[in-house]
Structure formats: C-alpha cells, structure tokens
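Please open the structure in your viewer and keep the selection panel at hand.

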Amino acid sequence: MALTDFRADALRCTRCSYCKWIPFDLVKSHRFAKGCPSIEAHGFHAYSAGGRLVTMLSLMDNRSEITDTVVDIAFKCQLCGNCDVACKLCRYDMEPLAALHELRAHLVEQGRAPESYGPIIERVRSGTGGKGYTPTERNAWAEGLGVKDLNTEKADVLFFPGCTYSLDENLRDTVRASVRVLLAAGVSVGVLPETGCCTGLAYHMGYRDDFTTGARRMLETWAWAGVATVVTPCADCYQTFKRLYPTVGGGIEVLHTLELVDRLIQNGRLKLTMPVPLTVTYHDPCHLGRQGEPYVPWEGVEKKIFGQAVVYDPPRPRYNGAQGIYEAPRNVLRAIPELRLVEMERNREAAWCCGAGGACREAYPEYSAWAASERIQEATATGADTLVTACSRCELNFTEAIAADSAALAVHDVLDLVLRATGEGGTSP
Amino acid sequence: MGEQPQELGRIIGPDRFSDDASDLAAYAADKSFAVANKPSLVVRPDTHDEVQHIVAWANDTVTALVPVSSGPPHFHGDTVPSVAGAVVVDLTNMKKILRIDRRNRMCVVEPGVTYAALQPALAEHGMRVTPPLLPRANKSVLASLLERQPTLIPRYNFHLPEPLRDCGVVWGNGEAMYTGEAGSGPLSLEDQWNAGLRQIDPKGPAQTDFFRLLTGAQGSMGIVTWASLKCELVPTVHKLTFVAAAELADLLPLVYRLNRVRLGDEVLVLDRAYLARLLGALGCGILAGELPPWTLIVGLGGREHLAAERVEVAENDARSIAEQVGLSLRLELCGASVSSVQAALSSCCKTPWKLAAKGGSADVFFLTTLDKAPGFIETARELAVSLGLTAADVGVYIQPQHQGVSHHVELSLPYDPSDAVEGARAQKFHDVAGERLIASGAYFSRPYGSWSHPVYRRDAASREALCKAKRIFDPLGIMNPGKLCFGALAVREEIH
Amino acid sequence: MTGPVTHVLPRKAYRALEDIVGAEHVSEDPAVLDTYAFQWLAEVVRPRQSPYMPRPAAVVMPASTEEVQAVVKLANTWGLKVKPHSTGWYHWSAPVKDEDPTLQLDLRRMGRLIEIDESNMYAVVEPYAIAAQVQAEALKLGLNLNIPGVGCSSSIVASACAYHGAGPSTYFMGGNAENVLGMEWVTPEGDILRTGSLGSGDGWFCSEGPGPSVRGICRGTLGSRGGLGVYTKCAIKLAPSFGPTTWEVGGTLPAYRLPVAETQRVYTLAVPTWNAWAEIYYKIYDNEIGYIFHRQFNLAGADLAPAFWLMYNDHTKTLSDVPALVDQPQIKELTEEMRISFQIILAGRSQADIELQDKILDAILAEVGGWKVERFCETDMAEFTNMYLQRLGHKHINFVWVGGYIGSWMQFGTPDWVEGYVPIAIAGLERDAKGGLLVQCGGDAMMGSGSGVPGGGATGLEQFVSYDPADLESTKAGIRHMEDAVKDATSHGFPPGKEFIYLQIGWTDEEIWEALRNSRQPVVYDFQRQIKEAFDPNNVGDRMYPTLPAARLAGEHGNGT
C-alpha cells in the first residue's frame, strides 16, 4: 500500500468533523460527546482523521514536507477507530483508520518515526516483545497452573497472554485468573512458551515488515503445533490475531477469553455462584469492541454505479464497529451474582479510548495518561465503584490514571471478578 | 423658513400641507411627559413617492422630520418633536390595505391602516393580526408593530417583531428600499405578487436585518411606507378561562408551564387595578376590590379541523396543569363580564381606555424574565408608596412574549393631568421608576423619553453602534432627532 | 502543480500570537495550515478544481473572548485578515483570497455550554458547543432546540449569528435567527459588543433593542460567515421537548433508532401530485400540527431513496446492494408510492392532544388524497426516522454516494410558488446527470424544511447533486449543473437559488461587485459597505460580508415604488 491509495479518500473527505465525535445519536451530555482523544488533546484539525487525510494529501501534493509537526500529527493518535465508526455512519467509501495506518507506515518508511520508537521496535524485533524480557521471564506467570506445553502436548486451546499480561507483575493475578477460570470450566489450556510478541504493536507503529515477519513466524509455529483455536485475554493481541494475521495467513479461530467464558456460561460448563457485590462499569477496549469485528478477506476494485456512486467489485467488507465484541463481556458480567452493571455514556462502539493504543502509552506517556484520566472521570460519573475492562493495557493505563487523579475507583479485569464468582478466589475489590 | 416650506408644499400639494397653528398644536404634545414642542409644519403624504420626495427635501434643507402613523392621542413622546422647526409627516392618509391573502395568511398595509380598519377587513377572510391589548381604534397597526408593542398570543410570537414581516422604507438619507424577502424580488409589490412572491420572510436581504433597525426606532431611522404582516386564523371556537391568585408568585409556575407547552391563545396576567380599569373603560363597572388580586387570562382557540375538540382538549390540559400547581381554571371572573374581557382581547376602543379613569396614565414598561417580575413590581410599588400613593394605585399587566422567554411588564398609574400635583407625582413616578428599574436590571428595550439616558448610559457599546448605524441610514440626523441615543443638537452640530 | 501562496508572518507578530494564546495553540506548519485550507467545495471554486482554499498565514486557537479580542486587535495592528470558524464545515470557513494574509481562528477551545436557564428556556453557549451537546443537556430538562439543516454537528453560535439557522424543526421551534437572544460579538476592531438585554447587563434573554435592534447589523438572511468579527457567545431560545428526558437509543449502527414517545407520532406521508404537496403543506400550517417537518429522505433521490434507506437500515448491507434492491418488485412499488413524500413528527402535550392531532392529520390526508407510507411508518423505520430527525446526526449522508455534494435551487417561497419550480428542477437534474458524470438518482433529489420560517408559510426545495471530488470531470459536471440550474431558473422567471452562495466564493472581486450591482437592490450592499467601514475600518474581515464599493454603485438605484 501507499499514500496514494488513499488519495481518493482524502479528496472525498468533506471535513464534516464527524470523526472527532462519537456517533451523534449516542450523545447523552455535553461533557461526554467527544470521540477522538487526539484532537481533544492537541486541538488543531490536523489531529483528527479528516485532518490526517489532508496531511497525507498535502504531502502527496508536495505542498508540505515531513516536519516534526507532521510526525507529531501522525503518531499522537491511539488508532482507536472512533473516527472510523463515526465516519462510516454516513459513508460507505471511506476508510479513515486504514489511512491513519498508512500515514504511519509511510513515515516509518521515510525514516521519520518518532525518536521514542527506536527502543520499542527493537524489543519487538528481538522477539522479546515490547517489554524486553527473556522467554523464561515471559512464562513465569504460568507457574503451577497446570497448563499444557503445546510443543509436546495437545490442548483444546492455545492460551496466548500477550506481552503485557505475561510480564507485568501487576497483572499477574489477572492472567492467572483467566486460565483458572477456563480450567475450572474443564477447558484444557495449552501454551507455547517460546513464542514472543504478537507483533501487533509493530503494525500499529507503522513497521509493517516487522509485523509481517513476526506474524508469519507465529503462524508457522501454530501450524506446527496444530493450533486450531487461540484464546487471549489481551484485546490488543486479539485484534492482531483476528484482523491483522489473516492478511498474512492463518485460518484459526480467535477468541477473547471473555468470548469463551461467555460460551461456557451459556452452555452450563461454568457456573458463577459467589456474589460479587460491586457496582461496575465496563470499558470497551478498542481492539475488542469496535475493532474486534471478524475479518473478511477481500481483494477487489472500486467501481461506480448510478453514474458516480462508489461501490466495490466484489463488494468490500465493511468494518464499522457494528459487529464488535460488546455483548460477551456484558453477558459475563451480568451472570455474576449481585454485580450491578452501569454503563458509561460512551460505550460499545462509542467508547472513549483508554489512551494506551497506537503505542501512545510507550511513546507519549503524558498524552496517554491524559486520555485515561478522561475515561476515569467518565467512569466516576456513573457512580460505579469499579471500572472493569478486558485489555491489559487499558487496565494499566486506568490504574495509573486513578492513582494520579486519586480517584475513588478500583480497576479490574472482568476475569478477576469471574474468578471470584466461581468461588476460586481472585483479587479483592 | 420662507421658500423651503413652499417647496415642500409644491411636493405635497396644498391640501395636505399645513402650518396652521391649531393644526400644529395637535402634534406639539401628547399624553406623555415629553416637553411640548410645536412642529413648524405638518404634511400628509398619500404615497411612497411623496414620502421619498419629502425625505429628499428634508435632507436638502436639513430639516427634522417626525413621522406619525396613528391618530391622536399619542402616548410615548416619540411623536412630539424634540427640536425646533421640525416637520411632522403624518402618514394617516396612507391607509390602504394593499393586499389580503388568505391562502398564505399575509396582508400588506400602509402605515395609516388602523386596527379598526384592518381587523374587520381580515375577518372577512377568517383572519386577523394578533393584536395588542385593546388598542385604540385609530392606532396604526404598522406603528404598533414597529414599536414592538406586545401582542396577546405568546405562542405565535416566534420573535419579538412578529407578526411584522417585510417593509418598504425610505431611509433618513433618502434611499428607498424593500426589506426582507421583498428586497430580493422585483421592486414593485404588484410584480412580486404576480410572480407569486408574498413578502413572508422578514430577514435580510443579505447580512443585515434592516427591519430590525426600524423596530423600536421611534421613527429615527426612516419612514416605513408599507409592511407585510403575518395573519392568524380567527378561531371558530374560542373560550376564555381565568385563574385567580392572591399573589403573583402563585401564578408564575402556571404561566411558565402554559408557555412551555404552548398552550393557549391569549395568555396575560393582570392585577385587580389594571383589570378593573380595563373593564371599567369597556363599560363593565366592577370595582378592583371585587376582583382577585391577580388574574391570569387564558384564551383557548380552535381553528380549522376539529376546532371544538381542540378547545376541549386544551381546556382539559390547562385545567390539569393548573391543578398540578394548586390553582383552578374557571370560566367566570368573579362577576365581571366575560364578554367585556373578550372585547378587550379582540376589539379596539374608540377612545384610549387608559384615559377613561382620570384622563391621564403614567405607564412604565420593560421586558424581563418572568421570575424577576415580582421583584420589579415590588420596586415600583415601593416607589409609589413613597410618593404618597398606594401600591394598589399602580396597575400591573404582564404579557408573555417570545413564547415565554421574555415578558412585557407594564406598571400603569392613572392620574388627572389637570391636577398639577397629581401630574407632577405621576411624572416623578414615571421617571424615577424608570431609573430605579433600569438600575436594578429591568430591560427597557423601548427607551422612551427620560428612560433613554439611563438605558444608553448602561450600554455604551450599543449606543455607539446605533450611532454608527444612524450615521449610515440618516447621516444628517433629520429623522426625529433627539430620540433614543441620537442627540438633538449634537448630530446637527457634527454636520455643520 | 504550482505551490500554494504562502504568507509568513513577521516574527514579532507570530510571537505576539504565542503570547496571547500560548505557543501550543498557534501553528504555521504547512501541513497544519493545509488542514484548514482544505475544504469541501473548494474544488468547485478554486483554480483547476483544487481542493484547497487559500492557506492561512497561521492557525490560532483562542480559549476566551479576551484572547479573541487580543488576536483581533493584533490583526488590526499588523494588517492581517481574521477568519474565525467554529466547526468549520463549508469552504467559506477558510480564507477566501490567496493574496490576503489571514489568521484562521479555530474556536474549538471555546466549547462551553455556559448555562441552561430551564424556566426561561434558553441556553448560553460558546462557539464550539454543537447542537448535539446542547440538545442532550436540554432534553434532561424537558427542553429541546432547533437544529439547523446542516445537522447536530454544527455550532449553535455559527448558525445563529453567522450563517442561516433553519432546519426541520424551525417550523415549530423557530429558526436560529428567531431564536438567538443576546450575542457577544468581538467586532473587527476588537471591541466587544453585546446585543439586546445582554448589553444592558440585564441577562441573555432578549435580542432586541435597546431601541432599534443592534443585532440587525449582525445578521440578516445570512450572517457574515466569519467576515465581520467573531461571535464568542450567544444565548439561544429553547423549545419544549414533549418527550422523555433521556433517550433509549437502540438499533445497530449506522441506523440507530429512537422509540417514539407516547405523545408523539412519526410519519412518512405521501401525496399523489405536487399540487397536493403544496395543499397539504398549507393545511398543516393552518391546522397548526407538526413538531418536526421535513422532506428529508428524498436527498438520496426519489428513484433510489426507498432502496437506499432500507439498505441503510441493514448493517450487513452496503451501497453495492442498492441496485438489486431497486429492482425488487416491492421496492419498485414503494418507490412509486413515496415519490412525492416527506416526513413529519407530531408532538402532543398530552395523550388527548396527540390523538387529536392524529385525527386532524387523517382529515387533512383525506382532503388532499394523501396517505401514510406504510413501510416507513412501521416500527423499525418510524424509530429510525424519529432518531434521524430528532437528533439530525446523519447529515453527512448528504455525501453518501461519493463524497461530493452541492445544492442547487432552494429558492425560498410559498408552497404554491415552490411547486412552480419543481418540474424545472427535476428536468434539469435529470438532464445534467444523463452523461453519467453525476449520480443518477432520478431528477428529484430535493430536500427541504416543511417551513423555513417559524409557524409555517415558506419552504424551499434543494436539489442534492452528487459528484466525485476525486474525479475532475465529475467535479466539473457538478459546477456545470449549478450554472445550468441558474439558467433553468432564470429562464423560467425564477430567481437563482443557492448556487451563488457556493460559487461566488471563487469569483473575483470584480465579478462579485458586478453581481451585487446588478442585484435587485444594490443599495443593500452600499449600506453594508458603510457598516463595514464603520465597524471594520482596517478591513480585517473578508468578503464573506459582501459590500459594494461606492465607486461601483452606479446607474439606477433599486428604489421601491
């Protein structure tokens, strides 16, 4: 792909600014109507999806050059996809999120990635993931759980925790809770201890070749190990496997742990019997929610009907957030006795990003923290005592924001509460 | 003077030009406290062209013009010249109803068309213009609307100038123009009508709401020679209802609620003094003491399909809303004649009803949000008492405007103008009440006479903006100088 | 491609801007500047159909009236133009002349909803408070507000003070010209002028006076579109909601749905002829029913609209599915059934009231031979229509076909008069779309408010003309259609519609002056010149506030009779 692939998108952008807001039909207040953290934090139109399309056009038209400001514009963005959802409310021919990815990839190819990206991508390339840990350290989380090693054994599913869950001690209980819940439901869980990062981060950073290399490597390993289903508690890995890997190869089933847990509850294999008397509000991770839609392979061309109306031949799949994974986590929460679920105003496809995405947590920590703080304020406004989510980086960003803001809100992964509800423990609120 | 008035005489013709002393005396004073000042001439044009010639002449000779559209008596001082040597342009001869259009519910009138003439003519087509409260028969409809006199039906009042729409105007600099939608059409009303245009939208043309510069202007920007007006349908079924209360505050929630849901045709609040005076002038001799301290009058009208059912539903809804705030909707008014009230809301009076009691009426009026009305009324009543009156001497009329966002509050003190003491006290009440109320936040959007100075002192930026506008539309300051924030001598000095 | 005209501010001026708003809120980076130069409709007015309007010299983002004032005063000092925008949707939001060094004021940091006075039914807002936000808060208090036709993503301040402000709810709620109350205006000289009661310190509630209304200078049919100072706050009259204080929005995107409240009704109505269309509008006006009243869905073109909207309501479908839908027999039937149709929402203050309104509507339909379009009145489509019209959050659908939309016709007048131009407009679009360079959706792609003046009386129908801004020939076809539409109108005795509002942006000063001089009343623009000279002596505002130089005002004045 190239910038020029999005020239038509840029020219067909109408500067309507829908990309800056949540779908308007869902606006419930003045305070929580915005959808794009990037423009909220940085102000200039350039920091919106529409603005970035123009930036791309301006570069293509040689009206501007890649300056530090252009780098700032391109990379201070969580790639959360709110813009994509909002734009596609009214358009069938625009792909703003894909364009944002393309802009990044272009700048990386031009050697203009942000300076802070260097160490991050190096860690991804080294196979030790964004955190830079060794394989042994990566697998310490699984100690004593009784998971199978898929190098030598068979299991129902491959459990893939992802770098953050594997390595962050603060999340240790959650990742272990994930597995314990599955085991409690009689699912045989396997791991592949040697595999490293899903390399989704590389893709989002604009390092496509690194992603492709890493994805191929992973898919080969899975094929060799006979993996048919991969389950992950990490929304980032989930989206990588579900939506990005198929562009390279694949054909395996990808489930978020909560999707599997939902199924297990529905078919009676998992019973939640212990009360968890909390009032919780659920944050939809971008990569599980609006970007968690099934991948549909497509190759085709633009064609016109009715004179000038743009369609695609064959019809192009439409990723507009309609089929994101919103209900499975909610079903699980509602199945927990005495737990009360209240919704934030911006939920499901309109969820405000936690701030961590698009490598912003690593590269622009202050900006990332600000976005998280915005979400904490929204969560607090619901009256909930607990914010729950289904993504490692969301959880970390929120935990840090709560501490920084001294907010009276606890943060948990849904799976923490599920484990408690099974009677097998889990963290206390 | 000399040749100049003769030139004017040649323009207008001898029949409609007068410098006769008794003629001029009729314009020298009015029922306000404006200092009497005789004009030098009065002219009575018949046509727009004559108006334009008059204005051109006035520019050539730098002569003040004072437009007058209604028959006497006048009440606010705006028709009394503020400078010597002014010429009154009496537009009462321009009294043609130029068009009545039932389908589009519009009419077009000249400035001399009165309520007494227009309403019956419209009634033949099942229409009327929403009236103010009991206008005098010779009151100019156009002048009433230009001066933003409050009209009785808040839900039709989408903005304060309603039902005024487009205008034909001769500005003070002599330029003639059509305002509003008419300004974008052929410059002949006949041609516009033939082309299917109906002068409906008052905005513009272009980026200026020219008509708004004419409203509230007391004739100081130009002379309007015709205006299009939106008409309402006369209800085929109409009923009056009344809500009595001991305190004004008791009525406020109901008034708010009715206006919120756009329920009712006429919606107005009168205290007993005002209502008694009004009814008394209509021949219904009821004492103020026999009336409730406060009365909310709500008219319910049904038009077109299912008119009777419409009124029935409205009445039930109004009753229900009243009950929710602890009030009762009644069909009678403590023995007062309902038909008299009906007459007050739908007819004209031959002689100004406010003068019936004592011959004079000192009226103080302003705009406010409803919640602040009681406080302002209290201020005025305290003043009245300090002047040796009683609070009950000052009648109160509250007219919701702009669909309930703003309210015209009118404080009316009858007095005997032949009694020097009463007259002085009434004037003091008028002037001091104005000052105090302005200072305490009452918005005098129509700053007549002594009110103009404190109003514009309070809003210097608007004053400056209006003076800039005045210099554009009336650079020589010939249009009714000395009114509002437009100096009498100052403007003239500037140009000399 | 020749490069853009670029203006580099003197460093002292730039640093002064940084001092006013903070360095992080000023930019002169070319890529940033281009995101302000790029505008919808630039391609129809700029040389070689460039998508860029002139590039500003800098973008400045003030946070307060005081900062706006300081920036404007700086512009006066340095001989710069000032071009403010709120949300900035329309090509006149950008600078209009390459040769003018212009400060683009992006007002997005001024987005407060300052207050809602519930009893007195008004809201006070800053420029970046958009209609969706204000409506959401108003609903909580049982109130609603007029959302202009451009949709709820628009700025209340912009529509009320600086542009037009009419929309589907104007009929009942008033347009924003009628609804605007006090305004706070930073004049081109950098003075602050507060209109009406606000200027007297008496609160926001009244826009008129004192004496003549100063607001008459601020806006007329249109506002100054950023060409005469900056509006930094206004109050806007609200309306009753007659519905729930919170909305339980359902449905699946993109077609969200709003359950119809007990005391409301949502209908798509159709009539057999255009004469019946005019009749029914008059009867709706006279019977005083209707809360939101608009011919909305026809924007997709009468030939395609039913298929399009049904496709839109199925999240598994895309535009690719429309051709097959169009050919289905039941859709063909539906297309004919709703060929002359419009949408109306009734709202009652009580159950008895809404039932009565329903009866009245039925009586009116019987009189004109009209009907309720059954499919669109079924629950799913009624709830979709309800959501669509109440929030007006899908106005970007104007561009759904291919990203380019321009509106022709929209002459404003009585229903009888508008009926007169309908067949001409239909024939014109059909003709101009024949070559395939415009979207072929039938000759009738007209949309318009039930009444653009509150209370009824005047309407207008705008042709929605879709072209591909990524295709030069298609873009040129769109421009040609606009020119053709003007000829079609004037040759049939109608004035031009809104075409010039779009096209004039690209004209030279001479061309504009010639058009103004030949207008019905050139004196209007002479007056505006004098207003500009009085309020903008240093010419800081641009020609979006149109004026006619004194030397051009020659020949006959447009005097009335």
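A salt bridge is taken here as a side-chain nitrogen of Lys or Arg within 4 Å of a carboxyl oxygen of Asp or Glu. The model is predicted, so local features need pLDDT of at least 70 and side-chain atom pairs count only at pLDDT 80 or more, whereas totals for chains, interfaces and linings use all residues. Residues are numbered from 1 along each chain as its sequence is written, chains are lettered from A and ligands numbered from 1 in the order in which they are written, and side-chain values use heavy atoms, with hydrogens and water left out.

**Chains B and C**

Select B:Arg103 and C:Glu279: these residues form a salt bridge whose closest N and O atoms are 2.7 Å apart. Between chain C and chain B the count is 13 salt bridges. The same rule-based survey finds 47 residue pairs in polar contact across this interface, both residues at pLDDT 80 or more (a polar contact is a pair of N or O atoms within 3.5 Å; within protein, one must be able to donate a hydrogen and the other to accept it, and residues adjacent in sequence count only if both atoms are side-chain atoms).

Next, select helix α21 (residues 522-535) of chain C, which gives the most to the side of chain C that touches chain B, with nine residues (helices are DSSP runs of H or I, at least four residues, numbered from the N terminus). Displaying both chains shows a contact that takes 96 residues from each of chain C and chain B, contact meaning heavy atoms within 4.5 Å. The two chains bury about 7900 Å² between them, 55% of it on carbon and sulfur atoms; buried area is the accessible area (1.4 Å probe) lost on putting two parts together, summed over both.

**B:Thr208**

Move to B:Thr208, in the loop between α6 (189-194) and α7 (210-214) of chain B. Is B:Thr208 buried or exposed? B:Thr208 counts as buried because its relative accessibility is 0%, the limit being under 20% relative accessible area (1.4 Å probe, protein chains only). Its side chain makes a polar contact of 2.8 Å with that of C:Gln528. Beyond neighbours within four places in sequence, its contacts include B:Leu213, C:Ile531 and C:Tyr545.

**The domains of chain A**

Finally, colour domain 1 (1-112) and domain 2 (117-266) of chain A, whose bounds come from an automatic or database domain assignment. Their C-alpha centres lie 30 Å apart. One salt bridge is found across their interface; select A:Glu102 and A:Arg208, which form a salt bridge with closest N and O atoms 2.8 Å apart.

Methods. Helix = DSSP H or I, 4+ residues; strand = E, 2+ residues; numbered from the N terminus. Buried < 20%, exposed > 50% of the residue type's maximum accessible area, 1.4 Å probe, protein only.
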